[in-house]
Amino acid sequence: MLGSVELIHNWFQKASDGEAHASVRFGDASNTILAHGTVLTMDFIQSHYGWVNDPTYCGITLPNVGAREIIVHCLRKADYVGHLTQTDHWYFRPLFDMCLAYYKIKPKKTFYAFENNYIARFKLFYDTFKTMPILICGSKSSQYKEVLERRYGWSGIVATVDCPSWSHVSAASKEMENIYKKTPWKLALVCAGAPGKVLAIKAKELGSVGVDFGSGADVAIQADNENLYAWDYEGFPDYWEGRPKK
């Protein structure tokens, strides 16, 4: 599996070289989207998951067959696939493995799904992408942009794209395309829950690098709220703080 430093270097090199690439992560919520109605019945999911009717958890409610097929497509198209490694609960690594078997998918290269949380605490990350043309996507993109520019001196952020829920995916994808035509960016940092998988693949389709960065934005924002640099922050990001309510 690829580690934090290797991912940072690889993303930077691919973006610098103009190589199309997507890194997409699959945590417990993404596993559920992949599995619902196929590997697991909706009756079972309704009885085991409390968030399926609440879009604030990962930007989607279930059932949503169309979304499931799109997320499966994202899994097939991803160059690097992040997944959970824990086996103490069936809905972590075991469920992901069942989904891979069901859809007959073998990822090219893998990494731990929460490497984003670690990478967001590496000074190397902030130094590496400081001047690269970057697009930031997600409901907290404007706030994240402000923190990156003020605290870390990032000077290459070309724009932000809002995408608070699954219903915003199409509009966000179109906005990414329009921005790219006017001001080509090298890498998209996508912090948008389940919709983030789609936007990371969209970046690849545009010939750029898409990184499903998830709570990496929350780490920097919450560290800044405590007047800390991310590498000095020891807390765990509150995913629901500041997110749109249902």
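Q: Which residues form one aromatic cluster?
A: A pair of aromatic rings is described by the distance of the centres and the angle of the planes. Rings of Phe, Tyr and Trp (its six-membered ring) pair if their centres lie within 6.5 Å; planes under 30 degrees apart are stacked, over 60 edge-to-face, and the rest tilted. Here one aromatic cluster is formed by Phe12, Phe125, Tyr126, Phe129, Tyr152, Trp154, Phe213, Tyr229 and Trp231. The model is predicted: local features need pLDDT of at least 70 and side-chain atom pairs count only at pLDDT 80 or more, whereas totals for chains, interfaces and linings use all residues. Residues are numbered from 1 along each chain as its sequence is written, and side-chain values use heavy atoms, leaving out hydrogens and water.

Q: Which charged residues sit over rings of tryptophan 231 and tyrosine 229?
A: The criterion is that NZ of Lys or CZ of Arg is within 6 Å of the ring centre and within 35 degrees of the ring normal. Lysine 123 has its charged end over the ring of tryptophan 231, 5.9 Å from the centre. Over the face of tyrosine 229 lies arginine 151, at 4.7 Å from the ring centre.

Q: How many aromatic pairs does a search of the whole structure find?
A: The search finds 22 aromatic pairs. One of them joins tyrosine 102 and tyrosine 103, which are edge-to-face, with 4.9 Å centre to centre and 85 degrees between the planes. Burial can be read alongside: buried means under 20% relative accessible area, exposed over 50%, and partly exposed in between (1.4 Å probe, protein chains only). Tyrosine 102 is partly exposed because its relative accessibility is 45%, while tyrosine 103, at 9%, is buried. The pair of tyrosine 112 and phenylalanine 114 is edge-to-face because the ring centres are 5.9 Å apart and the planes stand at 75 degrees. Tyrosine 112 is buried at 14%, and phenylalanine 114 is partly exposed at 27%.

Q: Which residues of the largest nonpolar core touch the most other members?
A: A nonpolar core is a set of buried Ala, Val, Leu, Ile, Met, Phe, Trp, Tyr and Cys residues joined through side-chain atoms within 4.5 Å. The largest has 50 residues, of which Phe26, Leu34, Ile60, Leu75, Leu135, Met176 and Trp185 touch the most other members. A second, separate core holds 34 residues, including Tyr126, Leu148, Tyr152 and Trp154. Contact means heavy atoms within 4.5 Å.
A: Helices (H or I, at least four residues) and strands (E, at least two) are DSSP runs, numbered from the N terminus. An α-helix has 3.6 residues a turn, so residues three or four places apart point the same way. Helix α2 (residues 28–35) is mostly covered, with seven of its eight residues buried. Those buried residues pack against β1 (21–26), α3 (42–48), α4 (65–77), α5 (93–103) and α10. Glycine 37 follows α2 and has a positive phi, near 80 degrees.

Q: Where is the place of histidine 83?
A: Histidine 83 is in strand β2 (residues 80–83). With a relative accessible area of 5%, histidine 83 is buried. Beyond neighbours within four places in sequence, histidine 83 is in contact with residues including Met1, Phe26, Arg93 and Tyr112.

Q: How many helices and strands does the protein have, and why is it called as compact as a globular protein of its length?
A: The protein has 11 helices and seven strands. The radius of gyration is taken over C-alpha atoms, and the globule rule is 2.2 Å times the number of residues to the power 0.38. The protein is as compact as a globular protein of that length because its radius of gyration is 17 Å, close to the 18 Å that the rule gives for 246 residues. Of the 246 residues, 54% count as buried.
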